[in-house]
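Here is a short report on one protein chain. Look at the structure first, then read on.

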Amino acid sequence: MIVINEETTTRDEWQLPLRSTVSKGAIMKNANKILAATCGVVMVVGLGACGSSSSSSTELEFMTGMATGSKQLKALTSVVDAFEKENPDVKVTLVPGTNSYESDLKVRLAAKNAPDLWNTHGWSRDRYSNFLEPLQDREWASRMNNTLDTAIRKEDKSFYALPLDAAITGIVYNKTVLDKAGVDATAIKTWDDFAAACDKVTATGATCLAASGKENWTAGDVVDYLASGMYTDNELKKLQDGTFDADKYAEVVTPVYEWARSKYFNVDYTSATADDVAKLIASDDCAFGFQPNSLAQSVENYNPDAKLGFMPYPSAVGDPYLLSAEDYAIGVAKSSKNKDTALKLLDFLAQPENMKKLSDTTSNAPVFDDVEMNIGQLSDSYDYWVTEQETVTVPVFDRVYLPNGMWSTLTTTTDGLITGQSSPKDAAKQMKTSFDSLYGQDS
């Protein structure tokens with residue numbers, strides 16, 4: 001197994017493998033794999049020419065969307081190594097994620113030069129399904145639970161990627177901070193309840209909600225995660241049909257603007273990094289983080305004794321909800337010349353022992369009930385809200401209701417709301433301009 005070694009930092013979230021920074025470098029062990037990697041979209045080593053291998057082996061290109069050095073890529077490498085050992089006539093090139101992962105993949109698809117397998121990073125159904133092999137008839141499909149149905153399945157129950165984990169998440173909280181403030185997370189049912197909890201937390205001298213201005217995807221997450229619960233079903237349908245109501249969006253983001261004016265956010269928001277957010281929560285100085293479950297993993301890296309949990313997001317139009325999304329999910333190109341072999345690899349990944357290795361690295365539950373869950377102390381929250389309370393789950397807002405390309409506008413406008421550089425109406429106006437420009441251009 002060869003993995004091109006790039007020094008990469010990634011956003012550890014559902015859009016996460018897409019926004020990393022890369023410095024060039026490579027570890028080369030096999031000439032054929034050098035050619036396969038360098039002839040692909042990620043050009044890390046300049047070679048004079050690319051040619052086909054004289055070997056009779058089958059070669060698969062696998063765009064992972066995972067950062068070099070990450071726990072996820074290390075686990076995937078281990079599993080693929082085992083697959084190659086069982087199938088010595090197959091060679092797999094794992095291509096790490098880069099900061100241009102999404103655009104690179106889009107170019108490859110437009111050029112009808114898709115990799116054999118790729119990480120669909122949350123878009124297997126709504127962006128890539130026309131390019132992917134349907135998977136509902138695979139042997140392992142019947143073993144999947146329904147936790148991601150709203151995120152990955154079409155109305156006819158078809159789906160197009162194997163989720164390596166089930167990203168079911170809510171608002172991550174520090175129980176020590178809430179206990180000190182006299183706040184019970186299970187009692188927070190509305191955004192008014194949340195604001196009241198924040199008032200109690202800030203009265204103790206702690207921060208209520210942390211985000212990073214330097215890595216403003218964390219700001220984007222705040223709106224992305226609360227937005228679905230601010231729209232009625234009819235209003236969401238209008239968004240899907242291409243109508244963006246600026247007045248409604250201004251209403252949606254007004255709480256975020258007001259939270260910032262009430263000083264609920266960390267005072268170092270502008271200069272803080274995503275690591276600083278994790279450190280603040282780890283030091284028992286912040287109550288809440290609107291991020292995926294991977295935030296808990298980051299917090300525990302700084303303070304293994306931090307007491308953490310997650311709670312549902314309040315809704316302005318219904319009951320509190322959790323978010324469901326494919327985090328790391330792998331699809332097979334419909335056009336792959338080695339489709340049968342690629343599907344064989346996917347079947348191998350779906351084996352229980354391999355799924356456990358992969359899901360254990362994400363702080364998320366597996367999608368198979370026959371795979372033991374290992375999400376640390378978040379398991380108590382999962383058992384309560386998912387298993388016992390059967391809390392409704394909804395897909396991530398931007399993945400279903402915003403056109404491709406709007407993530408940047410979402411993050412920058414939310415950043416402006418927090419810093420006070422823009423009002424809810426300003427943010428809504430920018431979002432409408434972007435929406436109207438991009439709607440209908442999705443691949």
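## Ground rules

A residue is called buried when its relative accessible area is under 20%, exposed when over 50%, and partly exposed in between, using a 1.4 Å probe and protein chains only. By that rule, Cys198 and Cys208 are both buried.

This is a predicted model, in which local features need pLDDT of at least 70, side-chain atom pairs count only at pLDDT 80 or more, and totals for chains, interfaces and linings use all residues. Residues are numbered from 1 along each chain as its sequence is written, and side-chain values use heavy atoms, with hydrogens and water left out.

## The chain as a whole

The chain holds 17 helices and 15 strands. These are DSSP runs, numbered from the N terminus: helices are H or I with at least four residues, strands are E with at least two. Of the 443 residues in the chain, 57% are buried.

Now take contacts, meaning heavy atoms within 4.5 Å. Count those between residues at least 6 apart in sequence: 75% of them join residues at least 24 apart. The chain's accessible surface is about 18000 Å², and carbon and sulfur atoms supply 46% of that. Such areas come from the Shrake-Rupley method with a 1.4 Å probe; for residues, only the protein chains shown count as cover.

## The disulfide

How many disulfides does a search of the whole structure find? It finds one. A disulfide here is a pair of cysteine sulfur atoms within 2.5 Å. The partners are Cys198 and Cys208, with sulfur atoms 1.9 Å apart. Their link is left-handed, with -45° about the S-S bond. Cys198 sits in helix H6 (residues 191-203) and Cys208 in strand E10 (residues 207-209), so the pair ties together parts ten residues apart in sequence.

Cys286 is in no disulfide. The nearest cysteine sulfur belongs to Cys208 and is 7.1 Å away. Cys286 is buried too, with a relative accessible area of 0%.

## Helix H16

Helix H16 (residues 407-419) has 13 residues. From first C-alpha to last, H16 reaches 18 Å, close to the 18 Å expected at 1.5 Å a residue. The expected span is 1.5 Å times one less than the number of residues. After H16 comes Gly420, with a positive phi near 85°.

Is H16 mostly covered or mostly open? Mostly covered: ten of its 13 residues are buried. Among them are Trp407, Leu410, Asp415 and Ile418. The buried residues of H16 pack against helices H7 (217-226), H9 (246-261), H15 (397-401) and H17 (424-438).
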